[in-house]
Amino acid sequence: MIAIDFSMNSAGVIIGNSDNPAECKMMCFRQRKRDESLVKNIKIYDYPVDPKNNEERYFEIAYSIMEFIAKNNINNKEVYTEDYSFGSTGSVFNIAEATATLKHMLWMDGFNITKISPKSIKKFATGSGNASKGEMFSTFVDKTNYDFNTVFCGPSKVVKKGDENIPAPFSDLI
């Protein structure tokens with residue numbers, strides 16, 4: 001399975017068919033200069049530096065994701081993406097254009113794209129379609145016993161079950 005949580009600043013990608021995150025390949029973008037992966041299965045990419053325009057930025061983000069998929073995917077043509085949130089605010093057209101760039105690249109490479117609503121993802125994981133990032137994080141820890149604090153260096157504080165402020169890239173990979 002390939003799962004993508006796309007965003008303009010903090011996308012996350014996971015490739016694998018396991019409930020154990022340590023057995024999956026993960027990719028995210030660097031949020032802070034000090035962000036580093038302490039394990040081999042998490043790859044951290046730098047965001048495009050000084051793109052000439054939004055279109056170049058969209059392309060560079062999508063290209064990084066496609067590069068990661070190409071390096072780590074074995075004949076899997078099914079991609080699951082989080083669909084747009086109906087409550088989105090801000091630069092929604094930029095998000096749509098950037099997402100369309102990635103989806104077009106996936107389509108051109110022959111991938112089948114399944115979009116899943118954010119509410120459905122939250123309901124599946126926690127039982128509530130209105131779950132917070134903190135509730136998603138706690139459920140993830142309960143189900144996997146995986147501790148991003150031990151495999152990822154970057155956020156200035158240790159994130160614990162029950163915390164509501166879950167920093168990127170933890171929230172993107174979850």
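Let's start with a charge over a ring: K77 lies over the face of F111, 4.2 Å from the ring centre. A second case is K143, whose charged end sits over the ring of F124, 5.9 Å from its centre.

This is a predicted model, with a mean pLDDT of 86 for the chain and 94% of residues at 70 or more. Confidence is highest in strand β7 (residues 112-116), at a mean of 95, and lowest in strand β8 (residues 152-153), at 74.

Now to the sheet. Six strands form an open, mixed sheet in the order β5-β3-β2-β1-β6-β7. Because β5 (42-45) and β7 stand at the edges with a single partner strand each, one side of each has no neighbour in the sheet. From one strand to the next, the twist averages 20°. β5 runs parallel to strand β3 (residues 25-29), joined by four bridges, and M26 stands opposite I42 in β5.

| Helix | Strands it lies across | Angle |
|---|---|---|
| α1 (residues 54-72) | β1 (2-5), β2 (12-15), β3 and β5 | about 165° to β3 |
| α2 (residues 92-108) | β1, β6 (78-82) and β7 | about 145° to β7 |

Turning to the rings, there are seven aromatic pairs. Among them, F29 and Y47 form a tilted pair, 4.1 Å centre to centre with 35° between the planes. The pair links strand β3 to the loop between β5 and α1, 18 residues apart. F29 counts as buried because its relative accessibility is 0%, and Y47, at 15%, is buried too.

F148 and F170 make a stacked pair, 5.2 Å centre to centre and 15° between the planes. F148 belongs to helix α5 (residues 148-151) and F170 to helix α6 (residues 170-173); both residues are buried. Ring pairs also link F148 and F170 into a cluster with F140 and Y146.

Technical notes:
Residues numbered from 1 in each chain as written. Predicted model: local features only at pLDDT ≥ 70, side-chain atom pairs only at ≥ 80, totals over all residues. Heavy atoms only, no water. pLDDT = per-residue confidence, 0-100. Helix = DSSP H or I, 4+ residues; strand = E, 2+ residues; numbered from the N terminus. Pairing = 2+ DSSP bridges. Axes fitted to C-alpha atoms, helices over the stretch in contact; angles between N-to-C directions. Contact = heavy atoms within 4.5 Å. Phe/Tyr/Trp six-rings, centres within 6.5 Å; stacked < 30°, edge-to-face > 60°. Buried < 20%, exposed > 50% of the residue type's maximum accessible area, 1.4 Å probe, protein only. Lys NZ or Arg CZ within 6 Å of the ring centre and 35° of its normal.
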